[in-house]
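Thanks for making time this morning.

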Amino acid sequence: MEFRINAEDPLADFSPTTGRIEFLQIPHGPGVRVDSCLSEGMVVSPYYDSLVAKLITFGSDFEQARRRALVSLDEFSISGINTTIPFHRELVRNERFIRGEMDTNFIHTSGILKQIAKSGESSLQDEHFIIAALLLSRNQFSDGSKKASGQLSTYGTKEKKGGRFSDAL
């Protein structure tokens with residue numbers, strides 16, 4: 001599966017957005033690839049295509065690729081601009097998508113945009129909390145002499161016993 005991560009606002013008819021990348025977390029792991037040149041501090045301008053990354057997931061079948069996409073989209077975080085990540089998250093969870101029941105009116109009839117709008121406020125609050133926690137931890141543990149309890153994995157989440165979350169997929 002391939003997901004175009006665009007600097008666009010799905011709730012504003014996918015209008016392009018601009019801004020500075022304040023925080024960036026790119027997923028990786030088995031069956032996951034991200035093509036991008038994004039970095040924290042980078043400015044996304046209005047003068048180029050809105051594509052900022054491509055997320056590619058693969059597996060032995062559709063369901064394995066979809067589950068890897070679910071995990072990867074939940075781990076993918078870009079703060080400072082609106083992106084199509086929330087749209088893709090809802091898409092891969094949508095029952096009609098899972099069953100392959102799509103047509104040219106799918107976006108408008110699937111309820112995905114309503115679900116994004118409904119969950120938007122809480123995810124923005126979560127994002128601000130995550131950014132504050134990250135900035136605090138970078139400041140507090142930047143000299144390497146102190147260790148935070150519950151080290152974070154390369155996915156930005158606590159390690160699950162026996163390996164990474166996506167290893168089980």
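Predicted model: local features only at pLDDT ≥ 70, side-chain atom pairs only at ≥ 80, totals over all residues.

Leaving aside neighbours within four places in sequence, Ser50 is in contact with Ile5, Asn6, Ala7 and Glu8, where contact means heavy atoms within 4.5 Å. Ser50 sits in the loop between β7 (43-44) and β8 (51-57), with strands taken as DSSP runs of E of at least two residues and helices as runs of H or I of at least four, numbered from the N terminus. The side chain of Ser50 also makes a polar contact with the side chain of Glu8 at 2.7 Å, that is, a pair of N or O atoms within 3.5 Å, one able to donate a hydrogen and the other to accept it, and residues adjacent in sequence count only if both atoms are side-chain atoms.

Residues are numbered from 1 along each chain as its sequence is written, and side-chain values use heavy atoms, with hydrogens and water left out.

Is Ser50 buried or exposed? Ser50 counts as buried because its relative accessibility is 14%, the classes being buried under 20% relative accessible area, exposed over 50% and partly exposed in between, with a 1.4 Å probe and protein chains only.

Turning to Asp49, its side chain meets that of Arg4 in a salt bridge (3.5 Å, N to O), defined as a side-chain nitrogen of Lys or Arg within 4 Å of a carboxyl oxygen of Asp or Glu. This pair links distant parts of the chain, 45 residues apart, with Arg4 in strand β1 (residues 2-6). Asp49 is exposed at 56%, whereas Arg4 is partly exposed at 36%.
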